[in-house]
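Visitor: I am new to this structure. Please show me how to read it.

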Amino acid sequence: MNPHSLTPVLRVLRLCLHLLVAALLALAAVRAVAGHASDAPAVIGAAAVLALVYALGPVLPKVSAAPAAAALWLAAVLAVWASLVLLTPDGVWLAFPLFFVQLHLLPLRWALSLVAVTTAVAVAGFGWHAGTLTVGTVLGPALGAAVAVAVVLGYQALYRESEQRRRIVEELTEARSDLAAAERTAGVLAERERLAREIHDTLAQGLSSIQLLLRAAERSLPDRPESALGHVRHAREAAVDNLAEARRFVHALSPPGLDQDSLPAALERLCATTARAGGLAVHCHVSGTPAVLPTPQEVALLRIAQSALANTVQHAAAHRAELTLSYMGTEVALDVVDDGTGFRPAEVPAPGADTAGSGFGLAAMRARARALHGTFVVESAPGEGTAVAVTLPLAHPPAAATAPPDSSGQART
């Protein structure tokens, strides 16, 4: 174990272990002097050498970092300690702190072997000085070794569990950070997708309408200035409307067309604007009883209608388009049908797959329908026109609109 990773409590315990060794060495020296033993100088010398060798362990980094260096140091300590045990029985008590040092520095297999050797030396030392071996002289060092092994093994188990918990906490913290980063990324992507849909369905279509109106005005000059002026006026109105759209979708507000009017009225106005800008006949029909829909559904239906009619004007070369809004109690459906050139839906490139920028309109319409758990279907074939149908479910039957339809149940422009 790296000493720099020790907690304050473990540092205190290690200091207490070193103090215990120093105290036991001092006790052996003092008792030798106090007992006027003839070998007192030898005991003091052996204790001093053992203290010096033992003190080298904590100050040498390799002893704590390398098992081989720790084994050499412990062998030196054990050799000097064995000589002290031969001189005085008080040296045997040093076996107990040495057990902990050995178990702390060496791998378990080596440590247990050295603990067994230390226990044997301690038992032999008691027998040497007592002249015989008793149950107490054998069980004392053996029980001390067993207690040391049990304490160290228990501590190592607790340490491993603590480390495992620490790693789990770190992994959870890292996972939480990754989740937060993923949520931020998802939020950025969702906002990009929203802005892309809004730009495609509002600004891009509005600019296309302005371009068509200005082109019509250019063709009217200089022979029909009044007609050209009308086209320019409509282009200016379209620019004003699209500026309002841009400001609204930046703040994620509902489209300006839905601020004051109902969805059917907004669709009628869209059909009229498309007919004026695109030069084709666009008819709007409303079937069923008009009802007040949730704002997200009204916005989605209006945007899908804008995108579908814009595709009709730009790509279909159609002469006529029919838009139908159907209220069916638990569902609301929008159908846009034209008599244009048609296409093969399976051959439409993915958004951004070509430089022409095609594919965004259908993808945006499909995404809007799916976001509200609806269905989106495109039916088309070359020379047979195109039909776009979207159906949105209603969780609760909507309230009836305050303005009922006329007797025919239809509105036409």
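Visitor: Which residues are exposed on the other side of helix 2?

Guide: First, the ground rules. This is a predicted model, where local features need pLDDT of at least 70, side-chain atom pairs count only at pLDDT 80 or more, and totals for chains, interfaces and linings use all residues. Residues are numbered from 1 along each chain as its sequence is written, and side-chain values use heavy atoms, with hydrogens and water left out. Exposed means over 50% relative accessible area, buried under 20%, and partly exposed in between (1.4 Å probe, protein chains only). On that side of helix 2, Pro41, Leu52 and Val59 are exposed.

Visitor: Which residues of helix 2 are buried?

Guide: Ala40, Val43, Ala46, Ala47, Leu50, Val53, Tyr54 and Gly57. They sit on the same side of helix 2, because they cover an arc of only 160° around the axis. The arc is taken from the directions from the helix axis to the C-beta atoms.

Visitor: Why do residues three or four places apart point the same way?

Guide: An α-helix has 3.6 residues a turn, so such residues point the same way.

Visitor: What do the buried residues of helix 2 pack against?

Guide: Helix 1 (8-34), helix 3 (61-65), helix 4 (67-87) and helix 5. A contact means heavy atoms within 4.5 Å.

Visitor: How many helices and strands does the protein have?

Guide: Helices (H or I, at least four residues) and strands (E, at least two) are DSSP runs, numbered from the N terminus. The protein has eleven helices and five strands. Of its 413 residues, 37% count as buried.

Visitor: How many aromatic pairs does the structure hold?

Guide: Rings of Phe, Tyr and Trp (its six-membered ring) pair if their centres lie within 6.5 Å; planes under 30 degrees apart count as stacked, over 60 as edge-to-face and the rest as tilted. The structure holds four such pairs. In one of them, the rings of phenylalanine 96 and phenylalanine 100 have centres 5.1 Å apart and planes at 80°, so the pair is edge-to-face. These two phenylalanines are four residues apart in helix 5 (residues 95-105), so about one helical turn separates them. Phenylalanine 96 is partly exposed at 35% relative accessible area, whereas phenylalanine 100 is buried at 18%.

Visitor: Which aromatic pair is tilted?

Guide: Tyrosine 155 and tyrosine 159, with 6.0 Å centre to centre and 35° between the planes. They lie four residues apart in helix 7 (residues 135-220), so about one helical turn separates them. Tyrosine 155 is partly exposed at 28% relative accessibility. Tyrosine 159 is partly exposed too, with a relative accessible area of 28%.
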